Amino acid sequence: MIIYGINPVVDFIKLFPSKISTLFISKTKSLDYELKSTKNINTKYVSDFELKKITGTTKHQSLAAEISISPTKEFKDFKNNIKEMSDIVLILDHIKDPQNLGAISRTSEFFGINTIVIPNKRSAKISAGAIKASAGAIFGINIYEVSNLSNTIEELKRNNYWILGADINGEDVNNQTFDKFVGEKLGIVFGSEDKGVTPRLKAKCDFLMSISRLGQTNSLNVSVSSGIFLNRFVND
């Protein structure tokens with residue numbers, strides 16, 4: 001996979017240099033200040049035209065990298081690894097925008113959460129856009145692609161996870177009802193940008209929760225909402 005742009009590539013160099021097979025740098029721009037730790041990375045100096053061909057865009061900021069990605073984890077891996085997962089697991093119900101997946105991954109890594117579950121169809125995947133939005137943090141998260149999110153929720157319940165769903169009609173997340181869940185094992189379900197959590201998954205949630213609004217905007221971007229919910233439940 002190719003990633004591009006100064007911030008995503010520089011962050012990736014800092015976090016995962018061993019995953020970079022080739023670094024592509026424009027011949028026409030000096031990036032010495034940004035690139036301090038590249039001596040052990042295979043590097044090619046190319047023209048801006050070549051960078052456009054490599055990245056498929058003119059917005060490459062004179063820097064790109066070819067990276068290796070670990071094989072996708074599946075439901076069988078989820079079952080095998082469940083004892084090693086963080087106390088909070090995120091279930092993303094058909095989120096379509098790769099930038100939202102990336103932003104949620106970055107937020108998760110910030111809060112020490114190591115597991116996100118997504119459906120293997122009709123969902124954003126690890127992509128250049130998701131990597132850029134996460135500033136490379138997406139590679140610090142175990143992302144599982146499963147065929148059935150309901151089965152994932154049932155597996156979490158068997159392992160003593162409570163299931164909370166984000167829903168515009170749910171109880172206020174700051175209500176005392178939810179105090180008892182701080183520091184507990186939780187699976188938190190976030191729905192798609194246009195439809196929210198599907199009725200089938202809502203029915204499997206122990207509680208539905210919302211963010212009370214003060215202004216006129218009806219809802220928040222899902223990546224912003226995830227940060228508010230995680231800040232509520234992470235035990236610091």
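Helices (H or I, at least four residues) and strands (E, at least two) are DSSP runs, numbered from the N terminus. The model is predicted, so local features need pLDDT of at least 70 and side-chain atom pairs count only at pLDDT 80 or more, while totals for chains, interfaces and linings use all residues. Residues are numbered from 1 along each chain as its sequence is written, and side-chain values use heavy atoms, with hydrogens and water left out.

Leu220 counts as partly exposed because its relative accessibility is 43%; buried means under 20% relative accessible area, exposed over 50%, and partly exposed in between (1.4 Å probe, protein chains only). Together with Val224 and Ile228, Leu220 makes a nonpolar surface patch of about 230 Å². Patches consist of residues with over 30% relative accessible area and no salt bridge, where like charges are joined within 9 Å and nonpolar side chains (Val, Leu, Ile, Met, Phe, Trp, Tyr) within 5 Å.

## Ser223 in helix 8

Ser223 is part of helix 8. With a relative accessibility of 14%, Ser223 counts as buried. The side chains of Ser223 and Asn221 are joined by a polar contact of 2.5 Å. Such a contact is a pair of N or O atoms within 3.5 Å; within protein, one must be able to donate a hydrogen and the other to accept it, and residues adjacent in sequence count only if both atoms are side-chain atoms.

Leaving aside residues up to four places away in sequence, Ser223 touches Asn100, Ala103 and Ile104, where contact means heavy atoms within 4.5 Å.

## Salt bridges

Side chains of opposite charge can pair when their charged atoms come close. A salt bridge is defined as a side-chain nitrogen of Lys or Arg within 4 Å of a carboxyl oxygen of Asp or Glu, and the count by this rule is four. One of them pairs Glu154 with Lys204, with the closest N and O atoms 2.9 Å apart. Glu154 belongs to helix 6 (residues 149–158) and Lys204 to the loop between helix 7 (199–202) and strand 10, so this pair ties together parts that are 50 residues apart in sequence. Glu154 is partly exposed at 27% relative accessible area, and Lys204 is partly exposed at 22%.

Another salt bridge joins Arg232 to Asp179, the closest N and O atoms being 2.7 Å apart. Arg232 is in helix 8 and Asp179 in the loop between strand 8 (162–172) and strand 9 (186–191), so that the pair links distant parts of the chain, 53 residues apart. Arg232 counts as buried at 15% relative accessibility, whereas Asp179 is partly exposed at 41%. Within helix 6, Glu155 and Arg158 are three residues apart, or about one helical turn, and they form a salt bridge with closest N and O atoms at 2.7 Å. Glu155 is buried at 9% relative accessibility, while Arg158 is exposed at 56%.

## The protein as a whole

The protein contains eight helices and 10 strands. Its C-alpha atoms fill a box of roughly 60 × 45 × 35 Å along the principal axes. Of the 236 residues, 46% are buried. Among contacts with a separation of 6 or more, 79% are between residues 24 or more positions apart.

Conventions: Areas by Shrake-Rupley, 256 points an atom, 1.4 Å probe, with all protein chains shown as cover.
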